[in-house]
Amino acid sequence: MSIRITIAQSVPEVINYKDKVDGSPQQLRKQTGYAHVVNEANEPGLYPEKFELLLGKKQEAFPSGDYTLHPSAFYVREGKLSFAVNRLIPVKAKTNA
């Protein structure tokens, strides 16, 4: 079982701001995602959980659709397991054969 993430809109929100140190113009791009999580009894939540997904400076926006976390999204930093939510792989649609 994997965590399903839905990206509803393919156009990211752009936030322009000035760097606090040198005042240079900066830009932050983010998309809204929805995580379909389960509880400890492996029961799905009534609604998916909304979150913000920050895109890397040169990272393309994710097209609308369903994704799961890529195995490279998980890493250990200072002995703690973490993950980068911007490393997604598309979930292939199931086909009826």
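By class, three nonpolar, three polar and two charged residues line the second largest pocket; here Ala, Val, Leu, Ile, Met, Phe, Trp, Tyr, Cys and Pro count as nonpolar, Asp, Glu, Lys and Arg as charged, and the others, Gly among them, as polar. The model is predicted, with local features needing pLDDT of at least 70 and side-chain atom pairs pLDDT 80 or more, while totals for chains, interfaces and linings use all residues. Residues are numbered from 1 along each chain as its sequence is written, and side-chain values use heavy atoms, without hydrogens and water.

The lining consists of Tyr 17, Gln 26, Gln 27, Leu 28, Arg 29, Leu 55, Gly 56 and Lys 57. A pocket is an open set of points on a 1 Å grid with protein on both sides within 12 Å along at least five of seven lines, and lining residues have an atom within 4 Å of a point. Strand E3 (residues 25-36) gives the largest share, four residues; strands are DSSP runs of at least two residues, numbered from the N terminus. The volume of this pocket is about 160 Å³, taken as the space filled by probe spheres set on the grid points.

From Gly 56 in the lining, Lys 92 is 36 residues away in sequence and 24 Å away in space, C-alpha to C-alpha. Lys 92 sits in the segment after strand E8 (88-90). Its relative accessible area is 76%, so Lys 92 is exposed (over 50%, with a 1.4 Å probe and protein chains only).

Leu 81, in strand E7, is also exposed, at 65%. Together with Phe 74, Val 76 and Phe 83, Leu 81 forms a nonpolar surface patch with about 450 Å² of accessible area. Strands E6 (74-77) and E7 (80-83) each give two or more residues to the patch. Patch residues have over 30% relative accessible area and no salt bridge, with nonpolar side chains joined within 5 Å; a salt bridge is a side-chain nitrogen of Lys or Arg within 4 Å of a carboxyl oxygen of Asp or Glu. Accessible areas come from the Shrake-Rupley method with a 1.4 Å probe.

Technical notes. Patches are made of residues with over 30% relative accessible area and no salt bridge: like charges are joined within 9 Å, nonpolar side chains (Val, Leu, Ile, Met, Phe, Trp, Tyr) within 5 Å. Buried means under 20% relative accessible area, exposed over 50%, partly exposed in between (1.4 Å probe, protein chains only). On a 1 Å grid over the protein atoms alone, a cavity is a set of points where a 1.4 Å probe fits but cannot get out, and a pocket is an open set with protein on both sides within 12 Å along at least five of seven lines; lining residues have an atom within 4 Å of a point.
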